[in-house]
Amino acid sequence: MKRRDFINMAGLSAGAMMLPFTGFGREVDLAELLTPIMDVKQKKQLADVALNTAKSLGASYTDVRIGRYLNQFVTTRERKVQGVTNTESFGVGVRVIANGTWGFGATNDVTADGIKKATERAVAIAKANSKFQKEPVKLAANPSYGEISWKTPIVKNGFEVPVKEKVDLLLAANAKAMDNGASFVNSLIFLVNEQKYFASSEGSYIDQDVHRTWPNFQVSMVDRQSGSFKTRSAFSAPVGMGYEYLDGKASDKIQGPGGIILYNKSYDIVEDAAMAAEQAKQMIAAKSVEPGKYDLVLEPSHMWLTIHESVGHPTELDRVLGYEANFAGTSFLTFDKWQSKKFKFGSDIVNFVADKTQVGSLGAVAYDDEGVKCKQWDLIKDGVLVNYQAIRDQVSLLGQKESHGCCYSQSWSDVQFQRMPNVSLQAGKQQLTPEQMISNVDKGIYIVKDGSFSIDQQRYNFQFGGVLFFEIKNGKIAGMLKDVAYQANTQEFWNSCVAICDERDYRLNGAFNDGKGQPSQSNAVSHGSATARFNGVNVINTGRTI
Amino acid sequence: MAILSKEEAKKILEKVVGYSKADGIEAGLNGGDGGNIRYARNSVSTAGEDSNVSLSVSVNFGKKSGAASINEFDDVSLEKVVRRAEELAKLAPENPEFMDPLGPQTYGPEAKTFIESTAKITPEYRAQAAADSINPATKKDITAAGYLEDNRGFNAQMNSKGLFTYNQATGVNFTVTMRSNDGTGSGWVARNFNDVSKLNTAEASQIAIEKALQSRNAKAIEPGKYTVILEPNAAADLLGLMLNFNARQADEGRSFLSKKGGGTKLGEKLVDERVNIYTDPWNEEVPTANQAGGLPRKRMDLIKGGVVSNLFYDRYWAQQKGVEPTPFPGNRIMEGGNASIEDMIKDTKKGVLVTRFWYIRAVDPQTLLYTGLTRDGTFYIENGKIKHPIKNFRFNESPIIMLNNLETLGKQMRVASGGGPGGGGSALVPAMKIRDFTFTSLSDAV
């Protein structure tokens, strides 16, 4: 049973449910968090127990992941600290192929005995299921890398920054928002450290130390008289960086259209909270949108989610093949479209790359969770579908010999499978700023930051909201709008992309919690883009009365 | 080790509480074993088991609290975890909203949440359950993708005020999507039980196969407002999203339950007067623990006769407002009627039958407007009969508006409910016929 399910079923304290995510592991103190549990030599010895046990039981392939997953959440509201929570989850997952079938076992008993038992369970499951297996698993070749280590290139380890410093920063941001008239503010710093040791029966022993950081807030404005309320979320991005992301360097600030301030590789949470309160007031007073066709100018803090849903997911090969048919769904990007080599996914200026190496991105690692070296590859080139996202047991179906290196598991206790790498829209080749882009639009909407999102199970029909909506009239920003959502068909939408700003405007955004699989697993992924323009998109009005 | 008996859990927790030198201590033990099998393309894709048990300790000095956990249970480790929490508490900032541990409570009887047969599911059982679903599909030119997950867990808590609780639970959840091999039809079915003996994956799979066959070559009809017949899973998808009646958010003015000009909608009519929704831990179909966070659960109305009957107050907010705290519900039950789906179809001149919804997301929290799509079996009804399958629709609708447009209530069914914080949980929800349901665009997805 997943911890979160049991918490709900057994009715544990409401406090446990206040965490932004549950099921992360047990709570620990900071000193314990910073102390390594075991060294690489011990991990190798334990991994070898699994490799030898599986081999003796007849497994043809085995991999072992000894993982220590650390999280820290510092949560506040208004002028109060709500909680400082450190969690740790430590254990081992063993995956085997026996009789041509996958089996998986996991345990938090990280001893030779515990690992042996988990391995025996994995082999037993593989053998039980092999009776119903139609085709044996075929793995693409992968070199043996020997003993290797890698770490996210961070400047400051967030876990080593004193808790007081984080609390003070959040309370300073909250105070700014409240001083500027906010009714409520919730803020959070969320840190992740995945210490992952991977070993396989093919001779790779890979030790990786992965860091992620996410500061976030929700500033709410309530107007009791009119009975309305609006929430402005932070313009931060979750990043594959250390605590240096919170330095808020002047060189990373961008003065955007409509008087907004945007952030690149570091973030000023205090300044943004002050802005948020001002903008939340304007959001309440904004004009309700007139539904119809508009030219949309989409800022990277918004664009990432549209990319994620309409490009990232349909190019996942497991969806195309039907492995996700019962949950996340399948894909409209069927094999025949790819094989034709001329399926026009988007306009000629639309180029998407998949990537697991981009510095500062959430997906960046050196090796994936089945020991494949990570890389970058094309998905959409000059508007045409050219490839998918695939791992070792899938690429042969594409007639390719090498895994793309995008296999991931959220923890030691879950089996690894194909997960989305960073998928990014390449910046435009012509020099173009967002202001120049807007100056060419007669009737449009400039949308900043992601909001509501929904897309069908084959990724044809989507609807997206946002946070800030600015009306564009005759090339100029003409005030704020509300109740805006756009609906489109994926292929029509990307073919309506007529301009993309140049690389000066390219920025990453993303999410910690992309969900897929059964049992469901979270994946952290970034999506980069520059501001882009889409012509004639259908906008609906979402205002209602209850 | 993953399942401790009441006596074993009590013994460990008594030791832990005894080690504390803080003003207060709360200790919780929880653990479980789980197993699953997943199949797709008519073949098993992944399967696994997991097992975990841990002890969490929270102590306080005044309003400063600290928490720590451990998964070793020898005396030295038990004392260590208490000392560690105490050190953290001393360093922690004061939380003005901290509540002292709850004193002993009187609970109703244990609900029948733990079923031995479910606790004893084996990898072989799961493999056979998958085979029983895949084999009939292959005979009908259909491809099956499904998932079976079972779990057994326990939870115990004790504090320095003398409160002690212990609960055990089992559960099994099965879903399967059947797709016709020409790619034009898709059907889905879900089953959720405490007791695995009620599960028949062959029977359930047959329903999804039929839907896949019937839904082939769907026709497009214009989006707009339609009368819809929602099967229980579709109804529950939307219903679950409105039943988090958080009192604090309502009081603060940032909820659909906040009232214009101030105050909340507690005691006010929100939906059609035939809508009655309550929670009851002892309901035989959806039993749940007899307490939540130590607070005794009892039968409690959420909506009675269409009127908001109770809001959820946590202990801090209850104290602020001078009311009794509300134990968080472990299930939701909506009263149904006698009409079968067939009866409702017969009674419909023009409408849409919906198997399930998909990718539902909030659009506006103020009006509880949600968007999402129909999926895996959507049919057009004309003059009392299913006329033909139709292409899927996107909707933009609020469950509040939906329950104001209620036409007919059908029979109840147990469903897995994603509603409420933390997900999971189960609900008993009827099929329902709703008028003027808002579909805003068409989707080509099958």
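Chain B is divided into domain 1 (6–213) and domain 2 (218–446), with bounds from an automatic or database domain assignment. This is a predicted model: local features need pLDDT of at least 70, side-chain atom pairs count only at pLDDT 80 or more, and totals for chains, interfaces and linings use all residues. Residues are numbered from 1 along each chain as its sequence is written, and chains are lettered from A and ligands numbered from 1 in the order in which they are written.

**Domains of chain B**
- The C-alpha centres of domain 1 and domain 2 of chain B lie 25 Å apart.
- In chain B, 29 residues of domain 1 are in contact with 23 residues of domain 2 (C-beta atoms, placed from the backbone, within 7 Å).
- Strands E5 (164–180) and E6 (186–193) of chain B are the elements that give two or more residues to the domain 1 side (strands are DSSP runs of E, at least two residues, numbered from the N terminus).

**Chain B against chain A**
- Chain B gives 105 residues to the contact and chain A gives 74.
- Strand E2 (residues 43–61) of chain B gives the most to the chain B side, with 12 residues.
- Strand E4 (residues 101–107) of chain A pairs with E2(B) in the parallel sense over two bridges (pairing needs at least two DSSP bridges).
- A:Phe104 stands opposite B:Gly48 in E2(B).

**Helix packing in chain B**
- Helices H4 (residues 123–139) and H5 (residues 201–214) of chain B pack at about 35°, with axes 8 Å apart (axes are lines fitted to C-alpha atoms over the stretch in contact; angles run from 0 to 180 degrees between N-to-C directions; helices are DSSP runs of H or I, at least four residues).
- Among the contact residues are B:Ala129 and B:Pro136 of H4(B) and B:Ser205 and B:Ile209 of H5(B).

Methods: Two residues are in contact if their C-beta atoms, placed from the backbone, lie within 7 Å.
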